[in-house]
Number of protein chains: 4
Amino acid sequence: VFARVPTLRDTHPQLDAKAQLLARAASGVSFRNIIGEDEGVYRAVLTSSAGDERGAATAFPRAGPRHVLFFEPSQVVAGIVTCGGLCPGLNSVVRDVVKTCLDVYGVRRVLGFHGGYGGIYGKPPSELTLESTRGIQNLGGTVLSSARGGFDADKILGALEQLGVNQLYVVGGDGTMRGCAALSAAVVKRQIPLSVVGIPKTIDNDVDIIDVSFGFDTAVEESLRAVRAACVEAASSVNGVSVVQVMGRHAGFIATQATLASGQVDLCLVPELPLIIDGSIMDVLDHVVRVVRRRGHAVIVVGEGAGEDVLGQSTEVDAGGNRKCVPVGPLIKDQMAARLTAAGLGSQVRFIDPSYMVRSVPANGRDSVLCLLLSEAAVHAAMAGFTAVCVGMVNARTALLPVDLVVATSPRTVNALGRTVERVISQTNQPYDYAAVEARAAKRPLVPTTDHCPPE
Amino acid sequence: VFARVPTLRDTHPQLDAKAQLLARAASGVSFRNIIGEDEGVYRAVLTSSAGDERGAATAFPRAGPRHVLFFEPSQVVAGIVTCGGLCPGLNSVVRDVVKTCLDVYGVRRVLGFHGGYGGIYGKPPSELTLESTRGIQNLGGTVLSSARGGFDADKILGALEQLGVNQLYVVGGDGTMRGCAALSAAVVKRQIPLSVVGIPKTIDNDVDIIDVSFGFDTAVEESLRAVRAACVEAASSVNGVSVVQVMGRHAGFIATQATLASGQVDLCLVPELPLIIDGSIMDVLDHVVRVVRRRGHAVIVVGEGAGEDVLGQSTEVDAGGNRKCVPVGPLIKDQMAARLTAAGLGSQVRFIDPSYMVRSVPANGRDSVLCLLLSEAAVHAAMAGFTAVCVGMVNARTALLPVDLVVATSPRTVNALGRTVERVISQTNQPYDYAAVEARAAKRPLVPTTDHCPPE
Amino acid sequence: VFARVPTLRDTHPQLDAKAQLLARAASGVSFRNIIGEDEGVYRAVLTSSAGDERGAATAFPRAGPRHVLFFEPSQVVAGIVTCGGLCPGLNSVVRDVVKTCLDVYGVRRVLGFHGGYGGIYGKPPSELTLESTRGIQNLGGTVLSSARGGFDADKILGALEQLGVNQLYVVGGDGTMRGCAALSAAVVKRQIPLSVVGIPKTIDNDVDIIDVSFGFDTAVEESLRAVRAACVEAASSVNGVSVVQVMGRHAGFIATQATLASGQVDLCLVPELPLIIDGSIMDVLDHVVRVVRRRGHAVIVVGEGAGEDVLGQSTEVDAGGNRKCVPVGPLIKDQMAARLTAAGLGSQVRFIDPSYMVRSVPANGRDSVLCLLLSEAAVHAAMAGFTAVCVGMVNARTALLPVDLVVATSPRTVNALGRTVERVISQTNQPYDYAAVEARAAKRPLVPTTDHCPPE
Amino acid sequence: VFARVPTLRDTHPQLDAKAQLLARAASGVSFRNIIGEDEGVYRAVLTSSAGDERGAATAFPRAGPRHVLFFEPSQVVAGIVTCGGLCPGLNSVVRDVVKTCLDVYGVRRVLGFHGGYGGIYGKPPSELTLESTRGIQNLGGTVLSSARGGFDADKILGALEQLGVNQLYVVGGDGTMRGCAALSAAVVKRQIPLSVVGIPKTIDNDVDIIDVSFGFDTAVEESLRAVRAACVEAASSVNGVSVVQVMGRHAGFIATQATLASGQVDLCLVPELPLIIDGSIMDVLDHVVRVVRRRGHAVIVVGEGAGEDVLGQSTEVDAGGNRKCVPVGPLIKDQMAARLTAAGLGSQVRFIDPSYMVRSVPANGRDSVLCLLLSEAAVHAAMAGFTAVCVGMVNARTALLPVDLVVATSPRTVNALGRTVERVISQTNQPYDYAAVEARAAKRPLVPTTDHCPPE
């Protein structure tokens with residue numbers, strides 16, 4: 001099954017007729033590794049005697065330069081916008097899109113929109129050049145500034161048309177990708193030759209299909225800094241317990257990876273696992289009490305979205321329309337202190353929330369490379385006329401994913417019955433109510449994760 | 001005026017008669033730079049036509065090896081204890097005291113007490129050796145673990161006597177130093193030949209007389225990491241404001257130094273300055289609103305003890321008997337958000353509290369050297385028979401300070417009318433009500449700071 | 001095609017008959033995700049109209065716990081040895097193998113051998129426990145110490161037999177894996193029930209089949225620190241050029257990834273590409289002269305093994321039998337200085353060789369997780385009776401690889417005609433002689449790389 | 001004795017008559033802490049019965065804002081230039097001088113000269129603004145670029161006059177300060193109302209009188225990173241020895257401080273101590289052999305200028321006229337390998353030279369504050385009409401130092417007979433030939449160090 005990605009070449013046949021062979025680009029680079037229309041990459045790689053999962057698997061078009069370009073580079077005005085919360089690598093993506101557009105393809109102009117979707121129509125854009133973006137990849141945050149909400153397809157398309165933008169690069173999370181899909185639909189309806197390409201950004205790693213999202217690796221690394229501080233604090237106290245709350249609204253990817261990487265965590269709580277075990281939250285906390293009694297200290301890592309079974313869902317939504325989560329860390333801290341006190345072990349419980357210090361660092365080496373691959377893939381896709389498309393890594397190859405599919409399958413979550421969770425349990429020795437997890441998995445309306453994310 | 005430091009040689013003349021010339025020590029090192037009894041270092045270094053402040057100044061005995069030792073090294077059983085909250089460098093001090101005792105002087109044993117004062121009588125000590133302490137200086141926290149409270153002179157002296165300890169090294173803050181003074185008094189009363197030496201530890205840098213306390217420099221460095229994250233967060237949002245709460249219960253040393261080091265802070269709030277200016281807290285926050293309006297974002301650094309004029313004093317005390325402070329950061333965050341909203345600038349305010357991540361790192365290079373100098377000074381002092389003494393740097397020389405004097409003059413605070421505060425105001429351009437500060441300085445019962453701390 | 005991995009169950013049928021169902025292990029963890037004998041993972045994931053590469057692809061057995069164990073855990077004495085040069089993550093692997101053996105399976109003892117292969121018979125081993133290995137994952141290097149050479153199958157097997165070791169975990173590079181294969185062969189010949197499991201370690205990432213080797217990601221990150229220093233040095237000089245030599249004896253993985261991650265490199269030289277272009281080394285250096293003339297400075301990254309076409313091969317071999325490479329960095333530095341001088345641009349050329357500072361850091365977060373997955377996979381494999389086997393990630397799943405196959409296909413190299421090199425050229429705009437590369441690729445006796453490594 | 005600092009008010013009485021009372025400056029900041037003409041700070045702080053060293057001591061004028069300004073701010077065109085090798089903090093100084101000039105005093109323009117002295121007349125300057133320098137303090141290197149040599153008083157003064165520059169801020173080492181002195185002399189001769197203010201920059205910390213130079217603390221911190229790598233490398237090898245060469249052409253400040261901070265160094269070699277002991281270099285290396293034999297590994301730190309007694313002096317000079325030093329590290333490495341081989345201990349010796357990675361990092365927190373204090377002091381000095389002056393910290397107060405005195409007393413060195421060296425010996429237990437050191441100290445033509453630098 002070959003996933004079909006929309007292209008302007010279908011909807012604008014008269015323009016396609018004028019499409020050009022890839023010319024030697026501005027920088028003098030021409031591509032030798034051209035990707036054919038029929039080249040795809042499969043997600044499925046497992047086999048067993050029960051059957052080869054590759055059989056009915058979906059293949060996604062490989063990303064990369066195409067022989068036939070839809071746009072004449074010198075006619076291209078590209079726009080780029082970053083939406084939602086911060087994530088390491090945003091500036092790398094901005095830089096790399098700009099460099100690929102200007103230096104590799106020689107497009108006319110790249111405009112940077114400020115402050116998310118709302119900035120496209122609400123603020124004057126900046127012209128982004130090789131000079132103005134030099135070195136920004138070494139800075140955290142986004143030079144474009146980012147914001148949630150502000151999506152309004154009419155206003156956005158109006159503004160883009162006025163500016164002559166015919167390629168829009170959108171960097172954002174699943175809310176943003178929903179906007180991307182809606183925008184693409186409106187574009188089709190209006191018959192505008194505008195390519196809309198999404199570069200999924202989620203520090204939580206909860207966009208499905210792709211191997212891993214950019215910034216996630218850096219986020220785990222920075223979260224580990226907090227976990228290490230937590231270990232020192234706990235071990236330097238008499239019967240000390242540290243609670244570290246890491247990001248992960250719906251998915252415990254950061255929490256589980258930080259736990260496995262640290263090797264020093266005694267309890268890991270994630271949204272995918274119930275806090276209530278055997279009818280009581282006390283069970284997991286009693287485990288911690290036992291660890292403290294035995295070793296003198298303990299460390300807890302908790303994903304911010306954990307504990308919905310105890311805390312209920314918040315009714316508040318943020319500007320992006322996402323339901324806010326009730327932060328679970330302080331609850332764990334208080335309950336833990338009470339349990340320790342009751343056990344005669346004092347109440348040395350410390351709470352660490354490093355989130356803003358995690359989000360704001362620059363991309364590490366691996367994420368920098370990932371940002372480059374995705375940015376190049378996005379520009380190649382737009383130049384070839386693809387639209388309503390996202391770029392992502394699938395089994396270590398850059399691929400093109402229909403934005404509708406990405407939206408439909410996200411947010412993904414850690415497989416609560418899978419090997420990663422089993423590894424966590426094995427590292428922490430924390431109690432795990434298999435039946436409860438199965439029951440919950442059955443009714444929880446979240447999309448199950450790609451089974452190889454995280455690597456297993 | 002030469003500050004007098006108590007010595008066991010006075011109270012135990014019969015033992016002093018047996019005191020030995022410094023022998024070639026275990027490691028084969030003998031000292032060429034012996035400090036004479038009459039050598040001192042002055043705090044005062046300023047002069048003006050109004051008079052030379054050096055005239056009536058106090059000189060403190062220089063620390064260092066003495067010709068006459070009170071203790072025969074092979075008869076020494078040393079004990080070391082770390083009390084109070086974590087501070088970078090604790091493990092360096094433990095390692096350096098152990099190394100100087102065993103390797104330089106060849107004392108018999110060094111015992112490590114666990115969990116602060118209470119651990120001296122409440123838990124079995126560990127024998128600390130060169131091997132068991134190798135490399136601990138690279139770890140944050142304290143391998144001895146630390147705790148507040150637990151001071152009980154009778155129990156402590158009983159335990160020490162039973163273990164044969166005749167030198168006690170106490171690492172802790174001003175509460176701990178008060179214990180140190182009380183313990184020393186009890187020792188004198190009981191006529192025990194026990195040397196009690198304090199190594200002041202305060203991440204807030206609020207112990208007076210000394211140039212700077214160990215760990216402070218590292219704490220500023222780590223706090224800066226949070227300030228930089230705050231800058232990225234604010235600048236990457238539309239009208240974003242970040243609030244960073246740094247440590248400093250009574251004194252704004254970390255807050256002011258981090259502000260000056262960053263060069264990117266727009267408001268710095270410290271315990272020494274009133275929050276209420278011209279009758280309203282709004283004045284400083286209005287300044288931030290103006291910065292946001294002009295530049296699009298702003299950063300606030302606030303010392304945890306700031307805002308007593310708004311928040312009042314907490315009535316709670318911690319285990320060490322220190323009054324807890326009502327954390328001001330969340331208040332600033334909420335008020336700031338309200339002000340921004342009222343000004344039509346949204347409410348993108350983010351709060352960062354990095355404290356545990358700051359306390360738990362290992363000492364940086366400069367603090368590591370400082371820890372070594374202080375540890376050596378402490379061992380030299382104990383070996384020579386000094387007691388009821390603290391060690392500290394005075395004008396970049398190691399010196400001996402009577403513990404009573406240290407207790408009497410601490411906690412020190414940043415001079416609210418001095419050059420450091422003036423520099424902060426000049427960097428941030430924040431409003432500053434000189435008259436209110438003067439009025440407050442007049443009635444605030446805190447000890448004024450040594451005028452050259454921080455460097456000015 | 002399912003890759004066949006040797007197992008002791010075949011060669012020791014009488015012992016296999018006693019093999020036990022996986023019992024609830026020491027820690028109370030039992031596995032729910034048991035891997036079946038028939039489960040495999042394919043390397044191939046690409047498809048095109050020219051044919052689906054998956055057709056004739058090899059599948060490797062998935063790693064993981066098996067239903068039937070060959071060894072009764074309480075009878076197992078495991079040994080672990082680290083060989084060759086340092087690589088980030090060695091201590092993580094030691095810790096994780098120990099923890100999985102002792103805590104998950106409850107094996108009797110784990111012995112650590114010191115100083116590589118030669119230490120197995122030449123030095124008394126240490127008993128490794130949960131306590132003695134706690135926290136070592138936070139330290140760089142290897143607590144076991146490492147060395148090249150020393151392989152002697154007879155002596156090794158003699159020593160292992162004497163110690164009762166029935167599982168040997170070998171961590172090392174391709175030389176070490178060759179030893180691993182030879183040792184396995186000797187084991188089969190002698191009919192000893194000893195499981196030999198390799199965990200490939202190569203900071204250069206040049207072991208084939210696997211996605212990426214542990215420590216590589218950390219090495220790129222640390223190398224980037226040197227590249228950033230190089231950028232600062234060059235940009236702060238008048239017509240400054242910096243040359244950074246990174247590791248990579250046969251393969252330019254670190255050089256190319258660091259170049260792509262940095263975004264600030266003007267010339268990247270790797271072993272896979274000729275230095276001599278159009279008959280002269282000057283061509284690539286002239287490119288740098290042009291960059292300096294245009295922008296005022298330039299940065300060169302060079303893999304240590306580059307330039308064999310200029311320098312020839314060294315005739316020296318190291319203790320592990322690997323031919324030493326003639327370091328190319330100083331040559332580039334000198335030639336560059338001469339070229340700049342000739343061009344009237346001064347001679348501000350600086351050379352940075354960060355290798356030992358790169359090798360010696362602890363594993364970063366991602367590599368820590370990778371070490372855990374590989375260590376667990378290794379222990380699962382040994383417990384199930386597999387031998388002559390390596391563990392590695394294949395398309396993000398842990399897999400079992402016949403050690404003979406790993407040896408036969410390594411070292412791999414960066415595909416000189418592939419997309420990664422094309423990206424590098426596109427980033428640096430350096431001259432690239434396609435014909436020369438093709439000619440060289442045709443005759444160069446190195447194994448071509450797995451085409452998705454690095455991710456493309 | 002009050003050190004006299006030259007001022008334009010003396011040489012230009014007619015202009016002085018127009019000097020203005022300090023007006024409320026551009027930013028709205030006015031100073032409350034005005035420094036009087038008679039306020040000074042003493043270097044000397046020691047006392048003993050042999051006499052109070054404060055008696056005949058020199059006092060230096062305190063730096064800070066003055067009541068009477070020589071320059072009308074709106075008439076000031078300031079210039080700033082960075083000379084010589086890189087040092088952490090250069091960009092901080094540039095930023096802080098610009099901010100103090102523009103934001104605090106409201107001067108008309110600040111010009112940045114590129115590429116050292118030669119750039120003043122050889123290249124067009126850049127206008128530096130608050131906006132163009134925002135955040136540069138977070139970057140290593142110098143945005144102005146730096147170079148050695150190029151000093152030509154006539155050309156420089158010609159260029160400055162043409163640009164209307166009446167304040168010149170010069171950041172550089174002792175060679176640069178000699179230029180500063182020469183320039184000042186030429187200014188006096190020509191009767192130009194140009195204030196020349198030096199901000200001493202020396203990563204080696206070898207400018208005398210001042211407590212410590214900016215960037216030094218950061219350099220020790222970064223050098224420690226190399227020392228830690230060296231420890232890991234050595235300890236992970238069988239009989240491994242690591243040699244780290246740190247900066248320090250004439251003075252061993254970095255080497256000794258890094259040694260004391262690390263606590264893991266076994267031999268520290270500095271220019272101030274002879275390598276040849278008892279007639280042979282072998283003595284210190286034999287110490288290392290003994291350490292290796294006992295503990296299995298060892299670490300050597302060596303300052304680049306050490307070993308002149310073995311290597312002789314180089315006859316080469318660099319562009320700044322400084323005699324190049326023959327790097328001693330490789331010699332030590334080779335000799336050490338030979339000794340180990342001879343002792344039957346293999347030859348695992350590794351050499352690490354981190355210099356460019358040390359020089360190029362941004363200033364740490366403490367150095368950032370130091371840069372601010374010095375920059376402000378420099379601007380205050382220039383505005384008040386001082387010239388031929390350097391700024392520096394003396395006993396933690398900013399002070400004004402006659403540039404002639406600074407030149408005459410530099411480079412300073414570590415006191416080879418002092419307490420710091422004694423501490424190093426005590427930490428490393430390395431052999432130390434007291435008589436040879438005394439003999440050498442007697443004849444070595446270097447200026448003896450200020451005795452409290454480093455802190456002791």
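How many residue pairs are in polar contact between chain C and chain A, counting pairs with both residues at pLDDT 80 or more? In this predicted model, the count is 26. Helix 13 of chain C, with seven residues, gives the most to the side of chain C that touches chain A. That side is made up, by class, of 25 nonpolar, 25 polar and 22 charged residues.

The extent of this interface can be stated in residues and in area. On chain C, 72 residues are in contact with 73 residues of chain A. Between chain C and chain A about 6,200 Å² is buried, and carbon and sulfur atoms give 46% of that area. Two salt bridges are counted between chain C and chain A. A salt bridge joins Arg423(C) to Glu376(A), with 2.6 Å between the closest N and O atoms. On the side of chain C that touches chain A, at least two residues each come from strand 2 (40–42), strand 3 (46–48), helix 3 (90–105), helix 7 (216–235), helix 8 (253–262), helix 13 (365–383), strand 17 (397–402) and helix 15 (419–428) of chain C.

Strand pairing also crosses from chain A to chain C. Strand 3 (residues 46–48) of chain A pairs with strand 2 of chain C through two bridges, in the antiparallel sense. Within this pairing, Leu46(A) has Val41(C), in strand 2 of chain C, as its bridge partner.

The next interface is that of chain B and chain D. Here 72 residues of chain B are in contact with 72 residues of chain D. The area buried between chain B and chain D is about 6,200 Å², with 46% given by carbon and sulfur atoms. Strand 3 of chain B and strand 2 (residues 40–42) of chain D run antiparallel and are joined by two bridges. Leu46(B) stands opposite Val41(D), a residue in strand 2 of chain D.

Salt bridges and polar contacts have been counted for chain B and chain D as well. There are two salt bridges between chain B and chain D. Arg423(B) and Glu376(D) form a salt bridge whose closest N and O atoms are 2.6 Å apart. The count of residue pairs in polar contact between chain B and chain D, both at pLDDT 80 or more, is 27. Several elements of chain B give two or more residues to the side that touches chain D, among them strand 2 (40–42), strand 3 (46–48), helix 3 (90–105) and helix 15 (419–428). Helix 13 of chain B gives the most to the side of chain B that touches chain D, and its share is seven residues. By class, the side of chain B that touches chain D has 24 nonpolar, 25 polar and 23 charged residues.

Two other chain pairs remain apart. Chain B and chain C have no contact, and their closest C-alpha atoms lie 10 Å apart. Chain A and chain D do not touch either, with 10 Å between their nearest C-alpha atoms.

Within chain D, seven strands form an open sheet in the order 9-8-7-10-11-16-17, and the pairing is mixed. Strand 9 (126–127) and strand 17 (397–402) of chain D are the edge strands, each pairing on one side only. Further in, strand 7 (residues 77–82) and strand 10 (residues 167–172) of chain D are parallel and pair over five bridges. Gly79(D) has Leu168(D), in strand 10 of chain D, as its bridge partner.

Helices of chain D pack against this sheet. Helix 6 (residues 174–190) of chain D touches strand 10, strand 11 (195–200) and strand 16 (389–394), and its direction makes about 170 degrees with that of strand 11 of chain D. Helix 13 (residues 365–383) of chain D lies across strand 10, strand 11, strand 16 and strand 17, and runs at about 140 degrees to strand 16 of chain D.

Some details of the backbone remain. In chain B, the peptide bond from Ser410(B) to Pro411(B) is cis, with omega near -5 degrees. Pro411(B) lies in the loop between helix 14 (403–409) and helix 15 of chain B. In chain C, the peptide bond from Ser410(C) to Pro411(C) is cis, with omega near -5 degrees. Pro411(C) is in the loop between helix 14 (403–409) and helix 15 of chain C. In chain A, Asn239(A) is a residue other than glycine with a positive phi, near 55 degrees. Asn239(A) lies in the loop between helix 7 (216–235) and strand 12 (240–246) of chain A.

Conventions. Residues are numbered from 1 along each chain as its sequence is written. Chains are lettered from A and ligands numbered from 1 in the order in which they are written. This is a predicted model: local features need pLDDT of at least 70, side-chain atom pairs count only at pLDDT 80 or more; totals for chains, interfaces and linings use all residues. Side-chain values use heavy atoms; hydrogens and water are left out. Two strands pair if DSSP finds at least two bridges between them. Helices (H or I, at least four residues) and strands (E, at least two) are DSSP runs, numbered from the N terminus. Contact means heavy atoms within 4.5 Å. Axes are lines fitted to C-alpha atoms, for helices over the stretch in contact, and angles run from 0 to 180 degrees between N-to-C directions. Buried area is the accessible area (1.4 Å probe) that two parts lose on being put together, summed over both. A salt bridge is a side-chain nitrogen of Lys or Arg within 4 Å of a carboxyl oxygen of Asp or Glu. A polar contact is a pair of N or O atoms within 3.5 Å; within protein, one must be able to donate a hydrogen and the other to accept it, and residues adjacent in sequence count only if both atoms are side-chain atoms. Ala, Val, Leu, Ile, Met, Phe, Trp, Tyr, Cys and Pro count as nonpolar, Asp, Glu, Lys and Arg as charged, and the others, Gly among them, as polar.
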